[in-house]
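Reader: Before we talk about chains and contacts, I would like to see the structure itself. Could you show it, and then tell me which terms you rely on?

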Amino acid sequence: MSIPIMPVYVDVKLREVQESGRLDYRSRSLPTWCPGCGYFAIVEGMTHACNEMGIPRDQAVVVSGIGCSSRFPFFVDLYGVHTLHGRALPVATGIKTANDRLTVIAVGGDGDGFAIGGGHISHAAKRNVDITYLLFDNGIYGLTKGQTSPLSAVGLKTTTTPFENPERPLNPLMMLLSYGASWVGQAYAGRPDHLREMITQAIAHRGFSYLHILSPCVTFDKTSKTYVNLGLQTRDLPESHDPGDLMAAMHQAQDLDHPALGLYYQQFRPTLGDTFEQVIAKSGGSSS
Amino acid sequence: MNATDIQIAICGSAGDGTIAAGDILRNAVAAAGYRVICFDVYPPEIRGFGKCISRLRITTEQSYSLKRQSDVLVSLDDSHTIPHAGEVRDNGAVIFESQPISPCAEGEHMSGHVLPGQIPYGFPIRELAQKATGGARSRNLVVLGFIAGLLGLAPASFQKIIEKKFAKQGPKVVARNQAGFQAGFDAGKGSFKLDDAAFGPFEKPASAGKVIMLSGNAAVVQGCIDAELATFFGYPITPATTIMERLATELPKRGHRLLQTEDEISAMAATVGAGFAGARAATATSGPGLALMAEMLGLATITETPCVIFVSQRGGPSTGMPTKTEQSDLNAALYGSPGDAQRIVIAPTNVEGCYRCAGKAFEMAERYQTPVIVLLDLYLSNRYETVTLAASGPPFVLDANKPLRRLEPGEVYKRYALTADGVSPRAVPGDAGCMHVITGLEHNELGRPNDSAEMHTAMSRKRHDKLQAALEHPDFAVTKRFGNTGRVKVGILAWGSTFGECLEAMFMAQAEGIVCSAMKVVMLSPFPTKAISAFMDDCDAVLVPEVNYEGQFAQLVQGVLARPVVRLSRVPSSPMPVELILGEIRRLSGVTASAIAS
Amino acid sequence: MRGDHVSPEKSDPSQDPFRQGTIHYSDDPRDAGWVRQNIPCQTACPAGTNVPAYIRAIAEGQHGQAYEINREANVLPGVLGRICSRPCESACRHGWAGNGDPVGICNLKRSAADMKDASHRITERLYAPTGKRVAVVGAGPAGVAAAYDLSLLGHDVTIFEREEKPGGMLRYGIPEFRLPRSMLEIELHNALRLGVQLRTGIAVGAGKGAMRVSTLLADFDAVLLATGCMAPVYLPLRGVPEGADLTQHCQDVEYGLGFLMDLHRGQNKRVGRRVAVVGAGFTALDCARVARRLGGQEVTIHLRTSEEYIPVTSEELFETKREGIRIKGLRTPVALRTDENGRLTGVEFVQNRLGGWRENGRRLAAPIEGSEFVEACDTLIIAIGQKTVNDFLDMRVEVDRSGNVRVAENGMTSVHGLFAAGDYVHGASTAIEAIGHARKIADKIDTWLVNRKRHRMVRMEPVAAPPREPAHDFIPRQHMPTIPLPERHQLTHEVECGYNRDLAGEEAKRCYLCDLRYQIDVNRCIYCRACIEVAPRNCIKLVCDVEVKPDGTHGPLQETKEWQKVAAIWIDNNECIRCGACFKVCPVHCISITRNHFVTVDG
Amino acid sequence: MNASASSAQGPRRYVIIGNGVAGNQAAELLRERDPDSRITILTNSRLLFYNRYLLPQLFKGHQSWHAFLANPPEYYVQRRIEVRRDCRVVSVDTRNKQVKLAHNEPIGYDALLVATGGRSHLPEDLADCRSLFHHFGTYEAAVTTRKALPDNGTVVMLGGDMIGLDLARTLLAVSCRVILVTHETTFWPHKLTAEERADALAALEKMGIELIDGDARGGVTSVEAGAPGLPARRVVFRQGGDLYGDVVMPFYGLTPLVEFMVGTGTDIERGLLVNTTLRTSDPSIYAAGDVCQIWSEQDHAYRFYYGYKNVRAMGAVAAINMTGGHEHFATTQEETLGRDGQGHIDSPFWACE
């Protein structure tokens, strides 16, 4: 493949970015993640997505737990709640219950989501609360300086598994598919363009959308989920994949060695808000 | 006396390797035979812009706390270090980067903040690192080398420590870091020395026992190991995480087990389970985790299951200040469970105490069948001191269980038999014929649920009374008095890490001619009423310094003894400043206790 | 199961398909502006020598190739490698504040000439014969450079030279200890052997027996005057008529250029024990150093201004001082002192103070009334400059106020078919300026003769990976070895020894290779700042704005620390030292490198 | 980032480059005359201002730098004089009125005083042996020299300006051997006739200094490290011959330290050119001390003035004029080489309070 290297003119680029309007979605202060962290791509992707979708900044809330990823609300200029470890989803559910018109996005890391907060995901998925859950999977505990996480690979040496992690990592996509999440997708921080598109779709989905984002921890994981490894391992879902086919989605989700990127599964069914309305309707009341 | 007493502060931004530099430095000087006390301050973010400071006081005799003024200050990041320029004494050295890569606005460079009495040492840290190692990563080692060269420390012990520290990353990394150190060393040695901080000639003292360098948390681990801890469950939380990290390496080597659970709720539950099964079991956490464990702690109390919980306090409430020290979890440790949650709470005052308390905690847990909370704080967990381990081996009893009496034929095993000392012989799964059920419900001697007033009173009394014996626990000083004996103007009553500062202040006050003494209180529950009361009898005024806002310990003392004390409760996000305590001593030595009471 | 997306196959970012680009040619003014702004050495070189390219060739051990790259811009690399005034080094990025000393560009040029293979074959790119005939008057650097270019372009060229041998100032104005004649001979020969007819010993002028310009105009399709600046600027002195030739006035007075030319024509020159040299240029320094070798014991250079403001390289000044020559500033000679026999005993000077600035950037000096003093000396050499003479023309040609001939945009003088180049047009300058100008005029003559045009484009060639190593930044500038002071008594013994292979290799590594252009693909950048983390200086910036000037160059990048305003992370090529650290660390491989230079294309 | 101070708002900002006699004298007067101003001294040195004229005492016995400090640290605190030590000035941006430091920090000023003094001059033909010389210009250099000099050791002085001869007196007093290789700069900055010079040289010999006629020997060609077993340095002469010493020190007079001013547009010949009010060609820049060449109406030339008294007077004049005064510098310094009671030479340039 041979593409002519075209010169890039910085004046043109600067104007293009400024005029796009996406910078408005950023915070004033610079993100404090380690340089090179994949999370930068996620915050970039989200500002792109919100901008493209024209979501008013005061109509969106980002909710997080504890961990590196959970600093996220501080780096976008939206409403945000930085809750306790593992407790992002219940708080987000409360917000959505109180005001259905808000765009609510929960973010968190793999430890926050699948260790301490693991119990909450299944319930959020089951209720089909209309929020987007961006799960940042770097397979390690970054903020506490590199302990093993539920998504750490077998054999990963961390400070708490100095003789290699003996445990199989969870398969989050399988879990979410079986929990009944109504939108399940996967993206990779090293492919920012694709990531941007997936975030847009996830937010657009009506119902509980779960986007699993593979993202290297450049500080504590030098061997497992690195840019090099993930670049080699990841693949696109086959073009023939039908997002309505749950079994096909589960089949794809089984391949942990070569994680496929894209939309695994999508289903449309009443959201938590809808069921509230149904209950109200059944009870004979009416919404205010 | 040609005693060395040098305090070095290294300050940088997270990611500059500030803490790592402090680590190498303390290990190197300890290896050379010096006594060290060291405390690092770092931000909650791994990278980004947070401030890290590593302070080390290096002495020929063990000191009790850091000094107010450092002799040497090193800047790895001027924006963070500039506010600390004043902490260097006159004729001390301020070391900084002379060739920063980016332009700085006026006033943003360290050189503009060196006070007239201090000696500036600007040198091209980054350039030396890049020349010697091909990258700027080793700036911290260059700086270490510079310090060693300037102060006249032999490079050999540093090179050895560097090799040890980086061995895992391969010989290339070792060589790179050693080259960085050497480049800095040459620069430091080549610098014309104008400051007067120097290491005097020093013979490594022949010491009884083994002198090692430990952090408070490492000492806890050593205590656990020497007490033959068999199972550990934990969940990462600053500043207790390093206990688990070290144990993760150490326990398997000894055939013991460690499991990182999904949260503190689970960690505590597993600890209780293992305790029930007869193994020595422990967990470690900080305030927020303690809160999660509160429910499970209650279960341990009511089921009389031995277990040990190390709680390293940080700034609270809630998530609070994860990387700042505080002593504000005393109430939570004493009372933090529903119901009359009797338990033993002990708090070491220095790193050596961490070791002793850790080991003794297992003895007490077994002896009195209770959860034992060992209350540390971030300052104690993370500070490093040189510790002497007894040559005669660990001073801990490895089986402190009350012997189980062989059952008479037909006798039913009473797990909660009411006895004179309140302790019921405990059976664990595997003990023949002693099958029983433990429960969180109030129960009778058999362990069967029973909520009668009489039984609840009897069991409450049992759980309370059995702990009183801990005040006389063998080979364990629950309180200790220092300084002047007999009648004193001022008595300092303190607990936990703050006691070091109290002692330092007391020595300074004595030097000023003030008659005073200080008592450390190691056991906080059950409360050593007699000893403290006797101490207070000797004091015209009693001062209680502690790092919390509400004066939790002072309240405890006043509540139990109904006697007045002077509170010095501050939350400076750092250890209690010595001069603050000294100021109070001076003030109190001029007035009478009764004046304060009114 | 694999999808269409091609993932990077290896950790080596150079394998990224996005980098496997092809060569691109651009005539966007911003690309031309980039090259001008970013390759300061090439921009500073009057001949436009592609410095990064030839230094890279030397670093790769390809001295012959380096020589050829030089020769594309300047047909006398071995000569200029010794005597060039080095405007490139004053501009070199490595010499900018905080970056250390400039790269020894000139010394490397010399090493390319010295170290190319003995069997090195030069390459020439010849155009088809045009049948046009061009006469060039003067075989100095300008004349030779123009003749060479014109001959490549297919014209028949004849050079007329007054002296016995070609070379002009190079042969007659520069001492052999600075420029060995063997090197000059070879390079002149190579320049002229493609069919240029060289006719020496033929004076062109109005005098008897001389070739007339009008005759040349009749015989040739075009005539190029490249006669340089051969007349001395006279020094006004008290008691001497204005414009008088001082050498007639006193036998112990010499004009610098005349002194050197006499010497190189083979005359026996003598100087007294105490020699005063007046002047501030290379000629003044050369005269002083020659005088020292001719036995002058106390040789002093007298300056109107001070050392700071004189147009010579610091190395040359240093070597001059090392040879025991004293330099005294802020003085202007006002009168000669002679004894009863008319022999010089001293020079009367007036003390100066520094004045304003001349248009050419030089400093003015103003005499202080009543501050006269005398310095004793036996010989006075006046080397305050040369000017053009036009009295050899047998026709009227328009000149400007200072007597220099006017040339139009197409290179022609006011006389149809008569062109002019080099010092003859600009007044006394340097060899490299003369060559640079002559090449431009040759190009214009060609256009005028056969209506061919050429223009410049920027050639952008993708580079797979950074060619430099960070350690190269710490190599100190390699000093030019010189012969010891005691051996400097011969006029012909070259003082500078030239780099050996090791020195040349080390010095070549120092070059930042400013022709490398590092760019971030803003569309793919995730703003993670990993590149900034490894940047060796403040070269990668969080940018909110930039000004593009009409000439295509950029103003400074406007930086911001507010995340909301960071429209791009951009590499400031002005600060960039081409270390490549950013390229290696970028997690999404959004940094590309291209090698950019000007190419000249027909049409 | 724009640190240039504006005189329209806030106190005036005086910046002094150089931490010697002139700079400190100026700082003291500036503070007296403009109590609200901000005063900053920039210096390469790591020490506060110390008395360089006293440095020969180092050779009489160990003394720490504390003994040489002219003022205690509190002096600067009380007078609010900022002393930025360990800072190298690389350039001055006269348009934006900023001094640029080597570490890339700009220091804005309203008025700037350059008082950097001079460094020991080394003739270009000795540049190759630069690393083999010992120096005396700073406390650090003097201590290094003293450490290199064994008891009763031999010092070879090249040139022999008055700074060197002052040191020579002390060295003789502590029983060192002093060999002086004469040069036209011997007795610099005194200007002596041939007779006076011969006379003064004779006096030096009488003091116990061994003289080598440098002119007759063709001057020094090189200084080399001594061979094993011999003293540490060897000095070689152009006309042949050599001599050995433990340290070799150049005393060829001073070169003004003005590199950072080159290119600023401020007039320089050898030193910064100033008028008698000590103002340079830039109206906000003054110069004082050994770095400036002052216009002399009498001599119709720019000339240097040396000696403690002159330098201090210059500092004062500059400070007065920087704060709106109009004072002219006039020397009160005796410049002739004298004799003391024993017939030993005595120089007014040695005078020091």
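Author: Two residues are in contact if their C-beta atoms, placed from the backbone, lie within 7 Å. This is a predicted model, in which local features need pLDDT of at least 70 and side-chain atom pairs count only at pLDDT 80 or more, while totals for chains, interfaces and linings use all residues. Residues are numbered from 1 along each chain as its sequence is written, and chains are lettered from A in the order in which they are written.

Reader: What makes chains A and C stand out among the five pairs of chains that touch?

Author: Chains A and C have the most contacts of those five pairs; by that criterion, 41 residues of chain A are in contact with 48 residues of chain C. On the side of chain A that touches chain C, α1(A) gives the most, with six residues.

Reader: How do you know what classes of residue make up the side of chain A that touches chain C?

Author: Ala, Val, Leu, Ile, Met, Phe, Trp, Tyr, Cys and Pro count as nonpolar, Asp, Glu, Lys and Arg as charged, and the others, Gly among them, as polar. Under this division that side has 23 nonpolar, nine polar and nine charged residues.

Reader: Why does the radius of gyration of chain D agree with a compact globule?

Author: The radius is taken over C-alpha atoms, and the globule rule is 2.2 Å times the number of residues to the power 0.38. For 353 residues a compact globule would have a radius near 20 Å, and chain D has 21 Å, so the value agrees.

Methods:
Helix = DSSP H or I, 4+ residues; strand = E, 2+ residues; numbered from the N terminus.
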